[in-house]
Amino acid sequence: MRSLWLGFGLALSVVLLSAPLQVSAGPNLICYYDSRGFLRQGLAQFTLPDLELALQFCTHVIYGYAGIHPETFEMQSINRPLDYDNRHFAQITQFKDKYPYVKFLLSVGGDRDTEFEEKYVKLLESGVQGQRRFIESARDLVRRFNFDGLDLAFELPRNKPRKVHSDVGMAWKSFKKFFTGDFVVDTNADTHKTQMTELVSQLSNSLKANDLLLSLTVLPNVNSSWYYDAPAIATKVDFINLGTFDFLTPARNPEEADYTAPLYEINSDNRLPHYSVNFQMEHWLLQRVPANKLNIGIATYGRAWKLTLDSDHVDKPVVTNTNGEAQAGPQTKTPGMLNWAEICKLLPNPSNVNGKGGDAPIKRVSDSTKRLGSFAYRVADSDGAHGLWVSYDDPETAGSKAQYARAKNLGGVALFDLTLDDFRGQCTGDRFPMLRAIKYRLL
Ligand SMILES: *[C@@H]1O[C@H](CO)[C@@H](O)[C@H](O)[C@H]1NC(C)=O
């Protein structure tokens with residue numbers, strides 16, 4: 001009798017031990033959850049039941065974002081009323097009980113920690129003591145709120161955007177080739193790279209000793225060649241998410257609009273080759289980083305520029321003479337950005353066919369090659385108003401990126417983020433169409 005129970009117990013523990021392995025062997029779908037979505041109002045307000053619905057598709061949820069203290073470098077909440085007083089950290093990780101196969105990580109940085117941005121470089125430079133304070137506080141914060149691990153989304157200096165005009169107003173074409181966006185933005189990048197490796201290595205030791213995960217997120221336009229010693233970092237982290245979108249944005253590139261997240265490089269019009277998903281992925285793969293540690297970043301929102309009467313090439317980018325960020329969308333209320341639900345409502349449909357001015361539909365230009373992404377636009381009225389040009393991934397192009405991840409045996413896809421997907425199903429009735437399209441193509 002006793003041996004029978006023993007046998008049963010053994011069998012059970014084999015099942016329990018092997019179950020998580022089976023799940024993690026499939027492709028990853030890393031779902032960022034930016035808590036700003038929880039604080040939006042109206043149709044854009046993302047609630048806990050919305051998150052719960054998404055959990056069946058996600059292998060990991062990354063909570064965005066925590067920050068660091070500018071002097072002590074300790075990791076801390078950047079929104080105490082929400083994270084602590086309203087127990088939002090705990091509200092998120094409580095889903096672990098019901099969804100034991102989903103891993104929950106807490107992310108630090110992510111462009112949300114805006115007070116004194118240089119502090120991430122200062123942290124790298126802070127030596128053993130500063131780094132240790134960061135590591136210990138990070139480990140404690142993650143454990144205290146029952147997260148499964150930490151995600152590093154450090155805010156490091158960005159590539160300089162290409163300048164279109166010189167100050168003296170010379171013709172942009174003759175100047176363009178000199179402004180390739182590759183100015184040196186950090187003369188100490190080599191030192192910072194070494195310090196980063198050291199930090200990640202110590203951090204990894206500390207987290208591993210506590211059975212916690214560590215992932216790295218490379219933010220858009222942070223140059224991987226400068227800050228990450230790919231082979232050294234890769235052995236220390238569980239996975240790496242590449243922010244392969246926002247290569248151009250209306251804030252960084254107010255005077256020209258283009259595909260913001262092309263899958264493949266476009267070798268025309270003097271474009272920068274590293275502004276593509278494939279180039280960024282190859283950068284890591286060529287350094288023999290195991291493909292299964294790398295996840296492609298896909299944005300659930302588009303970037304929207306204002307067109308002017310002088311804008312040219314609107315149906316064949318690069319679009320010239322744009323005028324910065326388009327007006328905010330009615331739901332997300334953020335200039336220069338529209339989420340998929342907002343874009344979908346602007347595309348031609350029965351309710352806007354006869355619309356005028358700002359209510360007129362936008363013209364969609366789909367990408368039959370599936371290499372570049374979609375865009376849509378509305379030319380400016382004769383008085384110069386209501387011009388709009390938006391580049392975006394829709395469920396279809398997001399699906400082809402997922403397929404690319406599959407074909408290259410990558411780890412999977414990282415979605416930025418759940419709260420900007422069409423979680424109410426306003427477009428076609430399907431809730432989370434981007435998430436679903438990606439999941440479907442990853443299977
Ligand atoms: C980093 O910037 C350099 C130019 O300074 C560029 O040649 C390189 O491709 C960039 N690396 C990545 C991974 O984008």
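**The largest pocket**

Analyst: In this predicted model, the largest pocket holds about 940 Å³ of space. Of the 38 residues that line the largest pocket, G110, D111, R112, D246 and R303 are the closest to its centre.

User: Which element gives the most residues to the lining of the largest pocket?

Analyst: At least two lining residues come from each of β1 (28-34), β2 (60-68), α7 (119-125) and β10 (301-306). With three residues, the element that gives the most is β1.

User: How many residues of the lining of the largest pocket are nonpolar, polar and charged?

Analyst: The centre of the largest pocket has D111, R112, D246 and R303 among its closest residues. Over the lining of the largest pocket, the division is 15 nonpolar, eight polar and 15 charged.

**Aromatic rings**

User: The structure holds 26 aromatic pairs. How is the pair of Y84 and F145 arranged?

Analyst: A pair of aromatic rings is described by the distance of the centres and the angle of the planes. For Y84 and F145, the centres are 5.6 Å apart and the planes stand at 10 degrees. Planes under 30 degrees apart count as stacked, so the pair of Y84 and F145 is stacked.

User: How many residues apart in sequence are the parts that Y84 and F145 tie together?

Analyst: Y84 belongs to helix α4 (residues 80-85), while F145 lies in the loop between α8 (127-144) and β5 (149-153). The pair therefore ties together parts whose separation in sequence is 61 residues.

User: Is F145 buried or exposed?

Analyst: Residues under 20% relative accessible area count as buried. F145 has 12% relative accessibility, so F145 is buried.

User: What is the arrangement of F247 and Y275?

Analyst: Both F247 and Y275 are buried. Their ring centres are 5.8 Å apart and their planes are at 20 degrees, so the pair is stacked.

User: Which charged residue lies over the face of Y84?

Analyst: Y84 is part of one aromatic cluster, whose members include Y33, F46, Y63 and F145. At 5.3 Å from the ring centre of Y84, the residue over its face is R144.

**Helix α15**

User: Which residue with positive phi follows α15?

Analyst: Among the buried residues of α15 are P395, T397 and Y404. After α15 comes a residue with phi near 55 degrees, N409.

Terms used: Residues are numbered from 1 along each chain as its sequence is written. This is a predicted model: local features need pLDDT of at least 70, side-chain atom pairs count only at pLDDT 80 or more; totals for chains, interfaces and linings use all residues. Side-chain values use heavy atoms; hydrogens and water are left out. On a 1 Å grid over the protein atoms alone, a cavity is a set of points where a 1.4 Å probe fits but cannot get out, and a pocket is an open set with protein on both sides within 12 Å along at least five of seven lines; lining residues have an atom within 4 Å of a point. Grid points are joined across faces, edges and corners, and a volume is the space filled by probe spheres set on the points. Helices (H or I, at least four residues) and strands (E, at least two) are DSSP runs, numbered from the N terminus. Ala, Val, Leu, Ile, Met, Phe, Trp, Tyr, Cys and Pro count as nonpolar, Asp, Glu, Lys and Arg as charged, and the others, Gly among them, as polar. Rings of Phe, Tyr and Trp (its six-membered ring) pair if their centres lie within 6.5 Å; planes under 30 degrees apart count as stacked, over 60 as edge-to-face and the rest as tilted. Buried means under 20% relative accessible area, exposed over 50%, partly exposed in between (1.4 Å probe, protein chains only). A charge sits over a ring if NZ of Lys or CZ of Arg is within 6 Å of the ring centre and within 35 degrees of the ring normal.
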